[in-house]
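Please read them with the model open.

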Amino acid sequence: LSSSSAASDVYKRQIAIQIKPEDWWPDLQILILVVSSKEKETSSTSGMETSVETSELLKYRAEVCVPKRLKDIKKAISEKDFQVLAEIIMKDSNQFHAICADTFPPIFYMNEISKRIVHLITKYNSYSKCYKAAYTFDAGPNAVIFTTKQYLPELMDVLSHYFPDENRKPKQLTENLKLFLDKAGCVVSPGLLQDIIHTSIGSGPLVLAKEHSLLDEKGDLKTL
């Protein structure tokens with residue numbers, strides 16, 4: 001749930017195993033909140049290498065936390081239990097960035113906008129008295145939000161209200177929800193998100209047959 005690219009570079013023998021087909025949980029939806037497209041000051045690989053060398057928390061995470069979380073998250077996916085999945089996702093993200101802070105010298109991938117996103121999602125879940133959204137942050141400031149089709153429309157309204165821009169006009173929230181989030185310190189922040197990308201679980205890259213290629217054998221565009 002944290003930086004798989006960094007882990008695969010540091011731990012060369014890491015292997016990802018698909019536990020369910022990509023169409024197992026079509027209700028699961030994903031929002032990518034683009035905070036910044038700038039290159040990171042510390043790359044995933046060099047950051048992970050420094051963490052391995054200097055963070056005492058990383059060893060505890062690897063030996064104690066990860067095995068149990070992997071077991072629990074497999075069960076949550078198998079049972080399509082979003083409440084369990086959401087909590088694991090957020091706790092794992094928090095712990096990953098705690099390790100980054102424990103690294104010496106410390107690494108800070110999240111910025112102030114990232115923290116506003118965490119605060120908003122946390123308070124939105126508190127108001128809902130259940131997990132309607134789960135945030136996670138890779139080695140960078142951009143957020144990935146997991147939700148379901150049921151919760152997606154209201155979540156988009158919440159995000160559009162607190163992070164409006166030219167393409168995301170402020171949405172009218174219910175009075176009780178807006179009052180709760182405003183009192184909880186959620187602040188309308190125009191223009192701070194570069195984009196919100198909506199996607200879902202899929203098969204990933206596929207190798208297409210030659211007849212489906214847009215290029216000919218010379219590498220030129222085919223005439224359609």
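Predicted model: local features only at pLDDT ≥ 70, side-chain atom pairs only at ≥ 80, totals over all residues.

1. Residues are numbered from 1 along each chain as its sequence is written, and side-chain values use heavy atoms, with hydrogens and water left out.

2. The protein chain holds 7 helices and 4 strands; helices (H or I, at least four residues) and strands (E, at least two) are DSSP runs numbered from the N terminus. Along the sequence their pattern is α-β-α-α-α-α-β-β-α-α-β. The C-alpha atoms fill a box of roughly 60 × 55 × 40 Å, taken along the principal axes.

3. Of the 224 residues of the protein chain, 37% count as buried. Buried means under 20% relative accessible area, exposed means over 50%, and partly exposed lies in between, with a 1.4 Å probe and protein chains only. Among contacts (heavy atoms within 4.5 Å) with a separation of 6 or more, 74% join residues 24 or more positions apart.

4. A nonpolar core is a set of buried Ala, Val, Leu, Ile, Met, Phe, Trp, Tyr and Cys residues joined through side-chain atoms within 4.5 Å. The largest one has 40 residues, and Leu-33, Ile-117 and Ile-145 have the most contacts inside it. Elements giving two or more residues to this core include β1 (28-34), α5 (112-128), β3 (143-148), α6 (152-162) and α7 (175-183). Another core, of 8 residues, lies apart from it, with Leu-58, Phe-96, Ile-99 and Tyr-109 among them.

5. Which residues does Leu-33 touch, not counting those up to four places away in sequence? They are Ile-117, Asn-142, Ala-143, Ile-145, Leu-159, Leu-193, Asp-195 and Ile-196.

6. Lys-115 is placed in helix α5. It is partly exposed, with a relative accessible area of 47%. From C-alpha to C-alpha, Lys-115 and Leu-33 are 12 Å apart in space, and they are 82 residues apart in sequence.

7. The axes of α5 and α7 come within 10 Å and cross at roughly 130°. Axes are lines fitted to C-alpha atoms, for helices over the stretch in contact, and angles run from 0 to 180 degrees between N-to-C directions. The two helices, α5 and α7, are therefore oblique to each other; angles under 35 degrees count as roughly parallel, over 145 as roughly antiparallel, 65 to 115 as roughly perpendicular and the rest as oblique.

8. Leu-120, Lys-123, Tyr-124, Ser-126 and Tyr-127 of α5 meet Asn-176, Leu-177, Phe-180 and Leu-181 of α7. The residues of this contact divide into 6 nonpolar, 2 polar and 1 charged. Here Ala, Val, Leu, Ile, Met, Phe, Trp, Tyr, Cys and Pro count as nonpolar, Asp, Glu, Lys and Arg as charged, and the others, Gly among them, as polar.

9. α6 and α7 pack at an angle of about 50°, with axes 12 Å apart, and are therefore oblique to each other. In this contact, Glu-154, Val-158, His-161 and Tyr-162 of α6 meet Leu-177, Lys-178, Leu-181 and Asp-182 of α7. The residues of the contact of α6 with α7 divide into 4 nonpolar, 1 polar and 3 charged.

10. What covers the buried residues of α6? The cover includes β1, α5, β3, α7 and β4 (195-200). Buried residues in α6 are Leu-152, Leu-155, Val-158, Leu-159, Ser-160, His-161 and Tyr-162.
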